[in-house]
Amino acid sequence: MSLSSQVKGGPLPWSGLLALSCAAFTAVLTELLPAGLLPAMAPRLGVTESRIGFLVTAYAAASFLAAVPLTTALRGLPRRPVLCGALLGFAVSDALVALSSSYALTFAARLLAGAMGGTLWAMLVGYAARMVPAARRGRAIAVVLAGITLALALGLPAGTALAGAVGWRAAFGSLAVLAVLLVVWVRLRVPGFPGEPPHARVPLVRVAVRPGIRPVLSVTLCLLLGHQVMYTYVAPFAAHAGYGRTGVLLAVFGAATVSGIWLTGTLVDRHLRPTLLAALALFATVLSVLGLASGAHAVLVCAVAGWGVAFGGAPTLIQTALVDVSGPADADVATSLQTTVYNAGIAAGSLTGGVTLDSLGAGALPWTALPAAVLALSTVAAGRRHAFPTVRHGAAPHGDRATASPSVPVACGAGDRAARRSVPHGEGR
């Protein structure tokens, strides 16, 4: 399928979008798998389990620090080679972890993976947005971000089970092989896009101060902070509620996030603002219910399911809004800022939840998370003009049938060869 047919309203480029979704899947597994393998990895590397936990921290810290500078430095390069390079970086990192007997080398490999993760997450949403017309942008982003949900709901349990059956080194080795196979898939099925020439690059500061960018980033920060306060300490909260089956709660949450992604994919292109308002209102309601009635086990399980539905869809809605505000041409820069904010929210939420747990107890966690959820909801409600408008910028009112803007042909590079594509008027540079 040609790029031109995609932009003019042909079928979604499923193979390319699924390749990007698998890249998201691989990144999440690479980031979080050590958390499930602490007892197995620690003796082999001669360190305590807490130091194995620091391997997850190292990834997050490197991603936080690398997202903006690496994305800025690589803006001028063709997009597909950069994407393949990030995946190869994952392959090298996972292979080193699989082979290493040195904690220092393993830690260095995790820093490499984190830097690659910061680069990858800054690219994926913008890449998906450029592969489809504006009226179908939200659905394409939902397909790509579904890889996160599948990694959390299926990939991590499967990876942990594989490690238990054949060893943790084999689990990381499998991730390395998967990353290499993904490079082949990307080369074959993901279209190439040119880098930005120097004269066309909008400085990062100008993107950051563009109307609507800061409210979207604020909602990202508040959502992740509130979510992480609860998610990081779901086990002690479940124990506080007298419900000792934390694994059941996590399974319910994971299954519900799949439902949230599916529901969001059907609504995001036509009803982004009301769907995001509903998701954040549901999250705030769930936190109130958990604070008031978590001792009733049926209520607890239903509330966790509602939490999963809300959180499963919210990232797609927020990132679609970010691409709408920045425009696909500057989406990589905007998303690099969001990657930094996202990791800051995770760190702040985990820290805030830990302080709350130690000082006030698990019962205070929902009430600690609630103000962040309410602030996110209020920011979306107030962002009617730029960040979360009633009518999306560039999106058609009738979903897939038309785009709101005329298409104009422009010449552009496509990976290693030239191609022509049509882009909505005003999105070309």
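**Reading the labels on a predicted model**

Colleague: Why is Leu105 called partly exposed?

Modeller: This is a predicted model, and in it Leu105 has a relative accessible area of 39%. Buried would need a value under 20% and exposed a value over 50%. Because 39% falls in between, Leu105 is partly exposed. Leu105 is in helix H6.

Colleague: What makes Leu105 part of a nonpolar patch?

Modeller: A patch takes residues with over 30% relative accessible area, and Leu105 has 39%. Nonpolar side chains are then joined within 5 Å. Val92, Leu96, Leu105 and Leu112 make up this patch on the surface, and together they have about 280 Å² of accessible area. Helices H5 and H6 each give at least two residues to the patch.

Colleague: Ser100 sits in the loop between H5 and H6. How do you know whether Ser100 is buried or exposed?

Modeller: Its relative accessible area is 3%. The limit for buried is under 20%, so Ser100 is buried. Leaving out residues up to four places away in sequence, Ser100 touches Leu45, Leu105, Thr106, Trp168 and Arg169.

Colleague: What makes the link between Ser100 and Thr106 a polar contact?

Modeller: The two side chains are joined at 3.1 Å. A polar contact is a pair of N or O atoms within 3.5 Å, one able to donate a hydrogen and the other to accept it. The value of 3.1 Å is within that cut-off, so the pair counts.

Colleague: Why does Thr379 count as buried?

Modeller: Thr379 has 18% relative accessibility. That value is under 20%, so the label is buried. Thr379 belongs to helix H16, residues 365–382. The side chain of Thr379 reaches the backbone oxygen of Leu375 at 2.8 Å. With residues up to four places away in sequence set aside, Thr379 touches Pro215, Val219 and Phe388.

Colleague: And His240, why is that residue called partly exposed?

Modeller: His240 has a relative accessible area of 48%. To be exposed it would need over 50%, and to be buried under 20%, so His240 is partly exposed. His240 is in helix H11, residues 234–240. His240 and Gly363 are 123 residues apart in sequence, with their C-alpha atoms 6.7 Å apart in space.

Colleague: How do you know that Arg137 and Asp324 form a salt bridge?

Modeller: The closest N and O atoms of the pair are 2.7 Å apart. The rule asks for a side-chain nitrogen of Lys or Arg within 4 Å of a carboxyl oxygen of Asp or Glu, and 2.7 Å meets it. Side chains of opposite charge can pair when their charged atoms come close.

Colleague: What makes this pair a link between distant parts of the chain?

Modeller: Arg137 is in helix H7 and Asp324 in helix H14 (residues 297–326), and the two are 187 residues apart. Both Arg137 and Asp324 are buried. The count by this rule comes to 1 salt bridge.

Colleague: Which residues have the most contacts inside the largest nonpolar core?

Modeller: They are Leu20, Met41, Phe90, Leu124 and Phe172, in a core of 64 residues. Helices H2, H3, H4, H5, H6, H7 and H8 each supply at least two residues of this core. H6 gives the most, with 13 residues. In soluble globular proteins, nonpolar side chains tend to be buried together.

Colleague: What does Leu20 touch?

Modeller: Not counting residues up to four places away in sequence, Leu20 touches Leu83, Leu124, Tyr127, Ala128, Met131, Val144 and Val190. Apart from this core lies another, of 53 residues, including Val202, Phe283, Val286 and Leu365.

Colleague: How many helices and strands are in the chain, and how many of its residues count as buried?

Modeller: The chain has 16 helices and 2 strands. Of its 429 residues, 54% count as buried. Among contacts between residues at least 6 apart in sequence, 82% join residues at least 24 apart.

Key. Residues numbered from 1 in each chain as written. Predicted model: local features only at pLDDT ≥ 70, side-chain atom pairs only at ≥ 80, totals over all residues. Heavy atoms only, no water. Core = buried A, V, L, I, M, F, W, Y, C linked by side-chain atoms within 4.5 Å. Buried < 20%, exposed > 50% of the residue type's maximum accessible area, 1.4 Å probe, protein only. Helix = DSSP H or I, 4+ residues; strand = E, 2+ residues; numbered from the N terminus. Contact = heavy atoms within 4.5 Å. Patch = residues over 30% accessible without salt bridge, like charges linked within 9 Å, V, L, I, M, F, W, Y side chains within 5 Å. Areas by Shrake-Rupley, 256 points an atom, 1.4 Å probe, with all protein chains shown as cover.
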